[in-house]
Amino acid sequence: QVQLVESGGGLVQPGGSLRLSCVASGSILSIDAMGWYRQAPGKERELVAAIGSGGSTNYADSSVKGRFTIYRDNAKNTVYLQMNSLKPEGAAVYYCRIRLYSGSIWSDYWGQGTQDTVSS
């Protein structure tokens, strides 16, 4: 059984910062890619950033480049998203996604989501 637990969301003013964390636990033998997705009300879930097993990063949303940083701690099975200079975009739910091997096949797991609101 594998579980992903997210934390770090909340209410922040424009220009502020938040750091999201996602910890994977359970029967995990190996972790491949890790990523963060965002879903605003009434919109589809979209990729924000991803990081490979070797540390290579991909920021799918060009508007976050230079403001957001994704990084991972393999020893802790954790992926982070540091978000700086946040813009007043309202509320969104951030989900982590981790591709891992638990002994049978490689599978993608999702966190429960953490609500972030950027508003003055």
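Which residue does a disulfide join to cysteine 22? The partner is cysteine 96, with the two sulfur atoms 2.0 Å apart; a disulfide here is a pair of cysteine sulfur atoms within 2.5 Å. The model is predicted, so to speak of local features requires a pLDDT of at least 70 and side-chain atom pairs count only at pLDDT 80 or more, while totals for chains, interfaces and linings use all residues. Residues are numbered from 1 along each chain as its sequence is written, and side-chain values use heavy atoms, with hydrogens and water left out.

The protein has eleven strands and zero helices. Helices (H or I, at least four residues) and strands (E, at least two) are DSSP runs, numbered from the N terminus. The C-alpha trace spans about 45 × 25 × 25 Å along its principal axes. For 120 residues, a compact globule would have a radius of gyration near 14 Å, and the value for the protein, 14 Å, agrees with this. That radius is taken over C-alpha atoms, and the globule rule is 2.2 Å times the number of residues to the power 0.38. Of the 120 residues, 40% count as buried. Buried means under 20% relative accessible area, exposed means over 50%, and partly exposed lies in between (1.4 Å probe, protein chains only). Among contacts with a separation of 6 or more, 55% come from residues 24 or more positions apart, a contact being heavy atoms within 4.5 Å.

Strand β9 pairs with β4 in the antiparallel sense over eight bridges, where two strands pair if DSSP finds at least two bridges between them. Within this pairing, isoleucine 31 has leucine 100 as its bridge partner. Five bridges also join β9 to strand β11 (residues 114-118), and these two strands run antiparallel.

A search of the whole structure finds one disulfide. The link of cysteine 22 and cysteine 96 is right-handed, with 45 degrees about the S-S bond. Cysteine 22 lies in strand β3 (residues 18-26) and cysteine 96 in strand β9, so the pair ties together parts that are 74 residues apart in sequence.

Attention now turns to charged side chains. The count of salt bridges comes to five, each defined as a side-chain nitrogen of Lys or Arg within 4 Å of a carboxyl oxygen of Asp or Glu. One of them brings together aspartate 61 and arginine 38, at 2.7 Å from N to O. Aspartate 61 lies in the loop between β6 (57-59) and β7 (68-73), and arginine 38 lies in strand β4, so the pair ties together parts that are 23 residues apart in sequence. Both aspartate 61 and arginine 38 are buried. Arginine 38 also forms a salt bridge with glutamate 89, the closest N and O atoms being 3.9 Å apart. This second pair links distant parts of the chain, 51 residues apart, with glutamate 89 in the loop between β8 (78-83) and β9. Glutamate 89 is partly exposed, with a relative accessible area of 48%, whereas arginine 38 is buried at 9%.

The side chains of aspartate 108 and arginine 97 meet at 2.9 Å, N to O. Aspartate 108 is in strand β10 and arginine 97 in strand β9, so the pair ties together parts that are eleven residues apart in sequence. Aspartate 108 is partly exposed, with a relative accessible area of 33%, and arginine 97 is partly exposed at 27%. Salt bridges that share partners join Arg38, Glu46, Asp61 and Glu89 into one network.

Not counting residues up to four places away in sequence, arginine 38 touches several residues, including Val48, Val64, Phe68 and Tyr94.
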